Amino acid sequence: MTNKVTKAGSISRRRLLTTASAGAALAVSPFRINLLQAEEAPIKIGFPVPLTGPYGAEAQDQVRAGQLAVAQFNDAGGLNGRKAELVVRDDKLNPGEAATRTLELVEKEKVNFVVGSLSAAVQLAINNVTKERGVIFNSISQSDAINEAADFSKYTFHEALNPHMTSGAVGRYAFAKFGKKVAFLTADYAYGHEMVRGFLEVGKEFNVENLGDIRHPLGTTDFSTLLPRLQALKPDILCISNFGRDQQIALKQATDFGIKKSIQIIAPLLSHASRVAAGPQAFEGVVGGCSFYWGIEDKFASTKAFNDAFRKMYDGKLPTDYGALGYGGVRTVLEAVKGAGSVETDKVVAALEALKYDDYKGPQYYRKCDHQSVQSVLVIKSKSKDMRNESDVFEVLSTEEPNEKYLRTCEALGHKS
């Protein structure tokens with residue numbers, strides 16, 4: 001009896017040792033190590049923006065605010081302890097470069113999501129890569145085309161305003177106050193074209209007369225042959241539909257030519273970075289649109305919280321309009337990750353579609369058919385007096401509240417009803 005027990009015990013020990021050895025081998029095997037690494041890998045958000053070139057200042061603002069959104073997510077515990085990471089690339093404001101960098105982010109860096117862009121054409125190049133590979137892309141620059149069925153996919157989201165919304169808000173304000181005869185100075189690429197289309201569309205409501213549209217290439221430094229031609233048309237309103245350094249130079253030269261003495265200048269979009277770079281004289285009296293201004297913190301608790309967090313992280317500086325888009329684009333994706341409890345693409349898509357959020361400027365949500373963020377548009381005017389601080393460069397003239405009636409219809413975009 002004793003011998004049997006001893007034999008059975010010996011067999012049991014051998015089995016135990018065999019099992020333990022197998023478990024130990026699994027524990028140190030490359031397969032097991034890879035599993036652990038995969039579980040602990042950070043949630044990567046690719047962030048292609050034009051760090052170099054005429055929109056570099058705005059892009060740097062986007063990066064800073066995107067990093068704030070990541071820091072807040074991580075400080076709050078991440079996704080069950082799993083932290084996020086922003087992987088930044090310079091797209092050089094070039095569609096080909098943007099496609100290459102995005103492909104690198106997806107295939108080499110293995111990013112889970114992509115947020116970024118600061119150009120209509122560039123974001124479409126990024127979107128082509130992400131939708132083919134089934135990666136969520138949240139665009140943070142203006143485009144009408146990205147909402148259209150031809151470029152849209154279920155992975156495409158648009159946190160930024162679009163030209164139809166921006167030009168519509170500015171046009172409704174300006175055409176009612178400044179007159180009906182309008183001339184255009186337009187950057188000759190998608191952004192400029194879409195803005196003019198939006199102004200002319202809303203202009204139908206006011207019987208606006210289009211006196212002419214003079215176009216210039218991106219990166220123009222001398223408008224001296226174009227501005228006198230526009231001045232000779234004697235418009236009530238000159239609409240300058242360009243951005244960044246182009247806008248700064250155009251406004252400086254328009255001021256030098258004395259155009260403001262008899263003509264109201266408007267722009268679909270006024271950037272905080274451009275206003276600071278060009279100075280008060282160039283932008284004096286110019287009316288335009290934007291998606292965010294730090295000064296609305298008196299109206300929204302979310303704006304105050306965003307401003308305070310940005311101040312704390314960046315030595316008292318205040319966030320800009322394009323910075324806010326970087327923040328919103330990253331934060332909504334990470335909120336959806338938390339809501340889904342996963343980084344699985346389809347689950348995060350569903351969470352984004354269901355998201356109702358107020359992260360930095362009041363209530364927003366993504367429209368189901370095209371994933372456009374439905375949000376407010378601010379109409380602003382540059383100022384140089386009664387400034388509360390060095391960032392207080394605009395006066396908010398009016399706010400067009402979030403409403404789908406200000407968007408192109410889903411049917412007009414080619415989506416099935």
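**Helix packing and cysteines**

Analyst: In this predicted model, the axes of helix H3 (residues 56–75) and helix H13 (residues 321–340) come within 7 Å and cross at roughly 30 degrees.

User: Are H3 and H13 roughly parallel, roughly antiparallel, roughly perpendicular or oblique to each other?

Analyst: The axes of H3 and H13 cross at roughly 30 degrees. Angles under 35 degrees count as roughly parallel. H3 and H13 are therefore roughly parallel.

User: Is the crossing of H3 and H13 left-handed or right-handed, and which residues make the contact?

Analyst: The crossing of H3 and H13 is right-handed. On the H13 side, the contact is made by Tyr 322, Gly 323, Gly 326, Tyr 327, Val 330, Arg 331, Leu 334 and Lys 338. On the H3 side, the residues are Glu 58, Asp 61, Gln 62, Ala 65, Gly 66, Leu 68, Ala 69, Val 70, Gln 72 and Phe 73.

User: How do the residues of the contact of H3 with H13 divide into nonpolar, polar and charged?

Analyst: Gly counts as polar in this division. The contact of H3 with H13 comprises four charged, five polar and nine nonpolar residues.

User: Which cysteines does a disulfide join, and is the disulfide left-handed or right-handed?

Analyst: Cys 369 and Cys 410 are joined by a disulfide, with an S to S distance of 2.1 Å. The pair links distant parts of the chain, 41 residues apart: Cys 369 is in the loop between strand E12 (364–366) and strand E13 (373–374), and Cys 410 is in the segment after E15. The torsion about their S-S bond is about -85 degrees, so the disulfide is left-handed.

User: Is Cys 239 buried or exposed, and what is the relative accessibility?

Analyst: Buried means under 20% relative accessible area. Cys 239 therefore counts as buried, with a relative accessibility of 1%.

User: Where does Lys 383 lie, is Lys 383 buried or exposed, and which residues does Lys 383 touch?

Analyst: Lys 383 lies in the loop between strand E14 (377–382) and strand E15 (394–400). With a relative accessible area of 18%, Lys 383 is buried. Not counting residues up to four places away in sequence, Lys 383 touches Arg 275, Asp 392, Val 393, Phe 394 and Glu 395.

Definitions and conventions
Residues are numbered from 1 along each chain as its sequence is written. This is a predicted model: local features need pLDDT of at least 70, side-chain atom pairs count only at pLDDT 80 or more; totals for chains, interfaces and linings use all residues. Side-chain values use heavy atoms; hydrogens and water are left out. Axes are lines fitted to C-alpha atoms, for helices over the stretch in contact, and angles run from 0 to 180 degrees between N-to-C directions. Helices (H or I, at least four residues) and strands (E, at least two) are DSSP runs, numbered from the N terminus. Angles under 35 degrees count as roughly parallel, over 145 as roughly antiparallel, 65 to 115 as roughly perpendicular and the rest as oblique. A crossing is left-handed if the near helix is turned anticlockwise from the far one by less than a right angle, and right-handed if clockwise. Contact means heavy atoms within 4.5 Å. Buried means under 20% relative accessible area, exposed over 50%, partly exposed in between (1.4 Å probe, protein chains only). A disulfide is a pair of cysteine sulfur atoms within 2.5 Å.
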